[in-house]
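Please look over the sequence and the model shown here before reading on.

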2 protein chains.
Amino acid sequence: MARRQQTLRQIEDRKKPSSILGHEPLYKRAKRELTRRIASGEWRPNQMIPSEMELAAELEISQGTVRKALDEMTNDNLLVRLQGRGTFVSSFDDEKMLFQFFRIVPDEGSKTFPDSTQIALTHGLSDKDEVCKFGLKNPEEMWRLERGRSLVEAPIMLERLSLRVSRFPGLDEIAELPNNVYGLYAERFGVTVVRAAEQLKAVSAGKTEARHLNCKLGDPLLRVSRLAYDLDDQVVEWRVSLCLTNTVHYAASIR
Amino acid sequence: MARRQQTLRQIEDRKKPSSILGHEPLYKRAKRELTRRIASGEWRPNQMIPSEMELAAELEISQGTVRKALDEMTNDNLLVRLQGRGTFVSSFDDEKMLFQFFRIVPDEGSKTFPDSTQIALTHGLSDKDEVCKFGLKNPEEMWRLERGRSLVEAPIMLERLSLRVSRFPGLDEIAELPNNVYGLYAERFGVTVVRAAEQLKAVSAGKTEARHLNCKLGDPLLRVSRLAYDLDDQVVEWRVSLCLTNTVHYAASIR
DNA sequence: TAGTGGTCTAGACCACGAC
DNA sequence: TCGTGGTCTAGACCACTAT
């Protein structure tokens with residue numbers, strides 16, 4: 001055995017020529033290669049990818065090793081596997097993906113689809129916070145999108161998004177930004193958001209928030225600051241949401 | 001092959017005698033059996049369990065199938081596997097486990113260990129909310145624990161815990177409840193908390209909260225309502241925490 | 001019926017830790 | 001050196017989907 005596992009091994013050898021320890025498993029290398037194909041757009045969302053046997057032959061590793069890579073990617077929400085049908089790249093524009101990142105749920109009743117109203121889209125040099133959040137070496141041009149969101153006709157959220165202009169060129173030419181911007185990021189800019197880190201605080205409503213959310217000055221609001229990461233673990237979006245939580249809550253689960 | 005995989009198959013056959021479909025994989029049955037041994041106390045936290053080969057021999061399945069069960073349990077935080085040493089039942093009293101469920105972090109600086117101050121431990125018949133949260137068929141006697149928590153000397157949280165007296169008999173005989181009650185649940189009552197669901201809202205501080213948290217009336221507070229589940233997916237604790245988030249935040253991650 | 005993913009087995013070799 | 005978990009292989013059979 002191990003007759004012709006040259007390809008992936010050679011990649012490894014080039015990457016870490018002098019490391020004696022730190023041997024990266026074959027299935028991890030396979031996972032990286034397959035992930036790269038999604039990130040590069042070679043494989044598009046909803047597309048069926050080659051079968052286990054085909055990938056095994058192409059990468060010159062065994063089917064079991066391919067399976068381990070595919071299983072991990074399925075676990076990371078990058079792939080969906082359907083018995084009898086095939087393996088597909090996750091879509092980032094369906095309901096499931098929206099709710100994956102939209103954690104606001106009504107206290108009573110089931111999950112509901114939020115509406116969005118764009119307030120402003122501006123751009124300018126990154127401020128101190130943006131430099132910090134995005135880990136920028138030098139200040140650069142940023143988009144800033146403000147929008148309101150409502151659930152069942154009632155305004156509940158005020159959002160401010162920051163994006164790097166360099167990663168989203170021509171964003172202002174798009175007539176109307178959709179409700180689910182992550183679908184837009186994927187389809188128009190090839191940016192795939194796969195995970196996010198959020199920081200939650202309770203704050204008081206100021207004048208702007210009170211006006212947009214139709215609440216009183218000083219009312220308690222849930223402030224959610226989110227950093228969204230792409231396939232390469234780069235920050236692609238910083239989003240601050242201010243949310244009225246009279247009839248809704250933020251749902252989190254701990255495993 | 002498949003010469004003597006009698007034991008686990010017979011268990012399955014007894015459970016679902018007439019179901020033609022719904023065949024449960026062997027590794028799932030193995031996982032259930034191994035989980036049962038932890039839940040029943042047969043295997044205690046920090047204890048090393050038999051090796052893959054021994055389990056495979058005992059359960060009369062292959063090593064690979066045992067491995068798949070163990071891998072899933074490792075993923076569920078039930079087991080810790082150490083190459084060269086063995087497989088161990090997770091401890092629920094170390095720092096890692098505390099921080100797994102303690103999501104409050106300072107805005108600046110690293111994670112810090114909170115202190116707890118017990119305010120009151122009372123008991124009484126379950127109220128409407130408790131009946132609902134615990135899914136009780138009939139009202140029953142409940143413990144109610146109130147305590148304050150502080151980070152670096154500063155009071156930041158006020159907590160109220162509800163527990164079923166039937167699952168925690170003699171809780172009031174314990175001189176001082178520890179900071180990490182989940183360790184206590186495990187060691188003294190054989191109750192292992194493995195996951196939790198939390199609902200977050202922003203609320204205004206009332207008189208009681210203002211006094212305990214040393215803040216003003218009406219100040220915004222983060223309200224965290226948590227249901228904690230055990231190995232059998234039963235609700236074992238309902239906890240409401242009110243938290244001052246001036247210098248700390250609640251950290252969540254979305255994958 | 002053909003092709004896919006899902007399960008299960010059996011055995012090889014490697015990396016690591018304890019002795 | 002031995003026993004452990006980690007990786008990798010090769011191949012069998014099952015369950016499901018499409019045709």
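A nonpolar core is a set of buried Ala, Val, Leu, Ile, Met, Phe, Trp, Tyr and Cys residues joined through C-beta atoms within 7 Å, and a residue is buried if 20 or more other C-beta atoms lie within 10 Å of its own, exposed if 12 or fewer, and partly exposed in between, with C-beta atoms placed from the backbone. The model is predicted, and local features need pLDDT of at least 70, side-chain atom pairs count only at pLDDT 80 or more, and totals for chains, interfaces and linings use all residues. Residues are numbered from 1 along each chain as its sequence is written, while chains are lettered from A and ligands numbered from 1 in the order in which they are written.

**The core**

- The largest nonpolar core has 38 residues, and those that touch the most other members are Leu200(A), Leu222(A), Cys243(A), Leu200(B), Leu222(B) and Cys243(B).
- Two residues are in contact if their C-beta atoms, placed from the backbone, lie within 7 Å, and, not counting residues up to four places away in sequence, Leu200(B) touches residues of chain A including Leu200(A), Leu222(A) and Tyr250(A), as well as residues of chain B including Leu222(B) and Val224(B).

**Chain A as a whole**

- Helices (H or I, at least four residues) and strands (E, at least two) are DSSP runs, numbered from the N terminus, and chain A has eight helices and eleven strands.
- The C-alpha trace of chain A spans about 70 × 45 × 35 Å along its principal axes, and 31% of its 255 residues count as buried.
- If one takes the contacts in chain A between residues at least 6 apart in sequence, 59% of them join residues at least 24 apart.

**Where the two chains meet**

- In chain A, 25 residues are in contact with 25 residues of chain B, and the elements of chain A that give two or more residues to this side are helix 5 (95–101), strand 8 (193–204), strand 9 (220–230) and strand 11 (248–254).
- Strand 8 of chain A gives the most to this side, with ten residues.
- Ala, Val, Leu, Ile, Met, Phe, Trp, Tyr, Cys and Pro count as nonpolar, Asp, Glu, Lys and Arg as charged, and the others, Gly among them, as polar; the side of chain A that touches chain B has 13 nonpolar, eight polar and four charged residues.

**The sheet and its strand pairs**

- Two strands pair if DSSP finds at least two bridges between them, and eight strands form an open sheet with antiparallel pairing, in the order 4(A)-11(A)-8(B)-9(B)-10(B)-7(B)-6(B)-5(B).
- The edge strands, each of which pairs on one side only, are strand 4 (104–106) of chain A and strand 5 (115–125) of chain B.
- Strand 11 of chain A is joined to strand 8 (residues 193–204) of chain B by five bridges in the antiparallel sense, and in this pair Ala252(A) stands opposite Glu198(B).
- Strand 8 and strand 9 of chain B run antiparallel and share eleven bridges, with Val203(B) partnered by Leu221(B) and Ala197(B) standing opposite Leu227(B).
- Strand 9 (residues 220–230) and strand 10 (residues 235–243) of chain B are antiparallel over eight bridges, where Tyr229(B) has Val235(B) as its bridge partner and Leu227(B) has Trp238(B).
- The hairpin of strand 9 and strand 10 of chain B has four residues between the strands, and Asp233(B) takes a positive phi near 65° in this hairpin.

**The surfaces near the DNA**

- A residue is near a molecule or strand if its C-beta atom, placed from the backbone, lies within 6 Å of it; 23 residues surround DNA strand D, the closest being Leu26(A), Gly64(A), Thr65(A), Gly84(A) and Ser51(B).
- The elements that each supply at least two residues of the surface near DNA strand D are helix 2 (26–39) and helix 4 (63–75) of chain A, together with helix 3 (52–59) and strand 3 (86–89) of chain B.
- DNA strand C is surrounded by 23 residues, and the closest are Ser51(A), Leu26(B), Gly64(B), Thr65(B) and Gly84(B).
- Eight nonpolar, twelve polar and three charged residues make up the surface near DNA strand C.

**An exposed loop residue**

- Glu176(B) lies in the loop between strand 7 (154–164) and helix 7 (181–189) of chain B, and Glu176(B) counts as exposed because it has 7 C-beta neighbours inside 10 Å.
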